[in-house]
There are 4 protein chains.
Amino acid sequence: MAGPLRVTIWNEYLHEIEHEAVRALYPDGIHAVLEAALEKLLGDSVQVRVATFEQPEHGLSYEVLSETDVLTWWGHAAHERVDDEVVTRVYNRILNGMGLVALHSAHASKIFRRLMGTTCMLRWREAAEKERVWIVDPSHPIVDGLKDEHFEIEHSEMYGEHFDVPPPDELFAISWFEGGEVFRSGCTWRRGKGKVVYFSPGHETFPIYHNENVQRIIANAVRFAAPSGGLYLGKGRNIPQPLSPIAAKHVVDERLHKAK
Amino acid sequence: MAGPLRVTIWNEYLHEIEHEAVRALYPDGIHAVLEAALEKLLGDSVQVRVATFEQPEHGLSYEVLSETDVLTWWGHAAHERVDDEVVTRVYNRILNGMGLVALHSAHASKIFRRLMGTTCMLRWREAAEKERVWIVDPSHPIVDGLKDEHFEIEHSEMYGEHFDVPPPDELFAISWFEGGEVFRSGCTWRRGKGKVVYFSPGHETFPIYHNENVQRIIANAVRFAAPSGGLYLGKGRNIPQPLSPIAAKHVVDERLHKAK
Amino acid sequence: MAGPLRVTIWNEYLHEIEHEAVRALYPDGIHAVLEAALEKLLGDSVQVRVATFEQPEHGLSYEVLSETDVLTWWGHAAHERVDDEVVTRVYNRILNGMGLVALHSAHASKIFRRLMGTTCMLRWREAAEKERVWIVDPSHPIVDGLKDEHFEIEHSEMYGEHFDVPPPDELFAISWFEGGEVFRSGCTWRRGKGKVVYFSPGHETFPIYHNENVQRIIANAVRFAAPSGGLYLGKGRNIPQPLSPIAAKHVVDERLHKAK
Amino acid sequence: MAGPLRVTIWNEYLHEIEHEAVRALYPDGIHAVLEAALEKLLGDSVQVRVATFEQPEHGLSYEVLSETDVLTWWGHAAHERVDDEVVTRVYNRILNGMGLVALHSAHASKIFRRLMGTTCMLRWREAAEKERVWIVDPSHPIVDGLKDEHFEIEHSEMYGEHFDVPPPDELFAISWFEGGEVFRSGCTWRRGKGKVVYFSPGHETFPIYHNENVQRIIANAVRFAAPSGGLYLGKGRNIPQPLSPIAAKHVVDERLHKAK
């Protein structure tokens, strides 16, 4: 790919404005912490912009999307208020190659559920318990640079199984929770020409996005989800002329096909 | 499972009524041929009923669906006229365990596309060419009883790659077409508690559903897609009490969570 | 399949003889508990026999294997003393359709490692800690009949990630351990015409094989791993005559190919 | 990764010496064409060396392997003469992160079969027939830069299904053959920390490695198979001290464990 990877960080950006406790952790919004992390870890190889819920078209105009290679998504309170037309626009862009990195509560976003074809529901508990993230695929580029088999998040929201998603194409992380649950916390899927990553650690009332291992994984996920440059069609295409010769043997009723 | 497997064969049943050429091949409808095949091959282990597009609620009332273990689907001309509420009803039933066997042009049905999260589009050509179906997973129960590495369909409609579906969880057949294309013609996916099978051979203007290998695969697919009896949730569930003890260490702001 | 499923339970059967603590839990051997469980849960649909390490050919003669549809394997202390020729014999039988259900410490057996192509190594700790088994694929026939999202084993040996196996074709269970690890405890893979299941709960110094959920899963796994009846080749086959006509265009140098 | 990707091209290099017809196509060996292709397409981002069968240790000393990030493998006539110790060395290096790109007849090499755990056998015919390679995963980085849904190879050796490998983790290409077969011609698998790619087009008596689409895919495969920098263990590790506290409840018999 010529030039830097163009990343758009989408943040709902409501909790940070409404709640002092959230603002204390993310004074300039979750997006600002993610943006700084990507710039620190990926440098000139990325060019980052931010879009939020309250902007016109949620900040995701056709123009912005056409200039986006990878979109990260953090939403929670306003899932149902995201405009359906924008969701369809993002969906089409993903099928045509834009990567999606869905973060934490984005599991319940319209765009993620539409790509998955399932409810994407799960168990959850907000008890500030310990989460220990285990790497289960050391060959995956998304875990590149991690120093150990696992890392810890001191205070986390529990997300637990059964997580109602299709079996992931790749599973790179499983989380252990102090209170007794497990969770497939790092997953990838292919949809059309686009790559989809889900990574669950991250919550508005805990400083998880300041964790350097979490930042490393998100930066790697952005790189992994970069579009490949080949062809994609995603539409029906009638090919009346065969590529190789067909023995003449059967007259298809022309009237029938015209009628259809 | 106690008692026979309850199968509902859904057939659009429009082409057979409108076109003499189709009626010549399927005088009582495609569903009648499928029904006879399931009864011949599976005997008392199944109990089959039929539903069609023109019936009230397309024949798929809540009652019918609640008494269906596996639904087979053949549609083509009326995909867009299938009622959205019925589609949602079928979708929910699949996530809760009902199997779906999507046949041929059902790749473009609303229900299949919703489960996949992609366009499900493909190349196609109706030139009565030869199709040769190759078995690529001899361990799969869906190919149980086939006698050779491949079988032939003398006159078929070509469906070709790229087929815009998520990578199948299991790929059991790939088709070769005389005119030069290939196609992943036998695929399975898991969605929620339900199993989804797609099998492409089968077309209204060719006698493909009379082919004994095709019938064998569809019968095996019905058995494979039978529901498993375990638990499924598919909804968010807050679990405030941990299963194992959590060290007290962090007071979560109650006001914040009430606000959300 | 006509007739009952023919199951051979292979048990190393050394710990039970040598150690009183093991004998107290499994007085007639681990195999006896598994045999009783399969007969209780599967009844006349299975026909069970037992083979052990100390028998001639480890109880796995060509005749026994040719009459076995599914083999379960429990070994630990004598992995390296299992005869290579018997391992090759079992391996060939699996590729030709016999199912394998590998239990607990069988992860390190010669047969399992040969099928996987990796080290199959893992973390472990014997501290009698709690294991909680979470079902992550409620659609899978192996979890049929389980009543809840998870079940507990009060005292277990910890097996933890990273578990060095190929990504499983299907992942149906993940275990949580009190001491802080997670483990992909229920996995399946396809090899040739055979199905391979790995299920980790089960240990000689804990009464885990008396647990009814564990027994249910092993019984379901045996059924799942039953052979399918189709064709398998697993050998190179030169097909000089094409199935469809090839345009004459290139003379392949006969001498060259004779020389090879 | 700092510095260029270090690639070792392994070529058996026997056919080119023994047969004039092969030498006419590959006068300096298949490796020379591959080397030129990688250098043309990947430039300074790779550093390429060559190793061949007749060299001491087949050119694959510990030193060479320790300085290799990705190994490509072409072999045919001498598979069984490759030294087992060298195979084990390569195998261990792959599990520890080195990528492997197995080309054409390498499907039957010792190293590939050991990683797969199956026979890796297939149908084949040398009739100079047309092969048409279809891209079935347009999101995959290995197909980056291809201009169409498919490309053609005018004269090819047929490799056909059933191909006895484990279901690939990713399937990016399926080939159509004029004579009637299909083949999963582009596959990837994960083994330990290493990535394995298989790509079938390529044969000593046809100029396939001069084809620019084939060269593009091999170059992309080399990049894809580059090692990730995280941790890998691949050995058993006893962890007597739990990471999180365990309730005291069960005294494990020390004598028993000493005995084992």
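Predicted model: local features only at pLDDT ≥ 70, side-chain atom pairs only at ≥ 80, totals over all residues.
# Residues are numbered from 1 along each chain as its sequence is written, chains are lettered from A and ligands numbered from 1 in the order in which they are written, and side-chain values use heavy atoms, with hydrogens and water left out.

**Chain A as a whole**

Begin by selecting chain A, whose C-alpha trace spans about 70 × 40 × 35 Å along its principal axes. Chain A has eight helices and 10 strands; helices (H or I, at least four residues) and strands (E, at least two) are DSSP runs, numbered from the N terminus. Of the 260 residues in chain A, 66% are buried, a word used for under 20% relative accessible area, with exposed for over 50% and partly exposed for what lies in between (1.4 Å probe, protein chains only).

**Aromatic rings in chains A and B**

Stay with chain A and select Phe112(A), Tyr159(A), Phe163(A), Phe183(A), Trp189(A) and Tyr198(A), which form one aromatic cluster. Over all chains, the structure holds 34 aromatic pairs; rings of Phe, Tyr and Trp (its six-membered ring) pair if their centres lie within 6.5 Å, and planes under 30 degrees apart count as stacked, over 60 as edge-to-face and the rest as tilted.

For one of these pairs, move to chain B and show Tyr159(B) with Phe183(B), an edge-to-face pair at 5.8 Å centre to centre and with 75° between the planes. Tyr159(B) lies in strand E6 (residues 150-160) of chain B and Phe183(B) in strand E8 (residues 182-191) of chain B, so the pair ties together parts that are 24 residues apart in sequence. Both Tyr159(B) and Phe183(B) are buried.

Phe163(B) is buried, with a relative accessible area of 0%, and Phe183(B) is buried, with a relative accessible area of 0%.

**Charges over rings**

Return to chain A and select Arg132(A), which lies over the face of Trp176(A), at 4.6 Å from the ring centre. In chain D, look for the charged end of Arg89(D), which sits over the ring of Tyr62(D), 4.3 Å from its centre. A charge sits over a ring if NZ of Lys or CZ of Arg is within 6 Å of the ring centre and within 35 degrees of the ring normal.

**How the copies are related**

Show chains A and B together: a rotation of 180° with 0.0 Å of shift along its axis superposes chain A on chain B (RMSD 0.0 Å), the copies being superposed by least squares on the C-alpha atoms of residues with pLDDT of at least 70 in both. To find the axis from chain A, select Gly117(A), whose C-alpha is the nearest to it in that chain, 2.6 Å away. The same surface serves both copies, since 100% of the contact residues of chain A recur in chain B.

Next show chains B and D, where a rotation of 180° with 0.0 Å of shift along its axis superposes chain B on chain D (RMSD 0.0 Å). That is the relation of a two-fold axis. In chain B, the C-alpha nearest this axis is that of Trp176(B), 3.3 Å from it.

**Two helices in chain D**

Select helix H3 (residues 30-42) and helix H7 (residues 212-224) of chain D, whose axes come within 9 Å and cross at roughly 75°; axes are lines fitted to C-alpha atoms, for helices over the stretch in contact, and angles run from 0 to 180 degrees between N-to-C directions. H3(D) and H7(D) are therefore roughly perpendicular to each other, given that angles under 35 degrees count as roughly parallel, over 145 as roughly antiparallel, 65 to 115 as roughly perpendicular and the rest as oblique. Among the residues that meet here are Leu34(D) and Leu38(D) in H3(D), and Ile218(D) and Val222(D) in H7(D).

**A last stop at Val143(D)**

Finish at Val143(D), in the loop between strand E5 (123-135) and strand E6 (150-160) of chain D. Val143(D) is buried, with a relative accessible area of 2%. Leaving aside neighbours within four places in sequence, the contacts of Val143(D) include Gly230(A), Phe172(D) and Asn220(D).

Terms used. Contact = heavy atoms within 4.5 Å.
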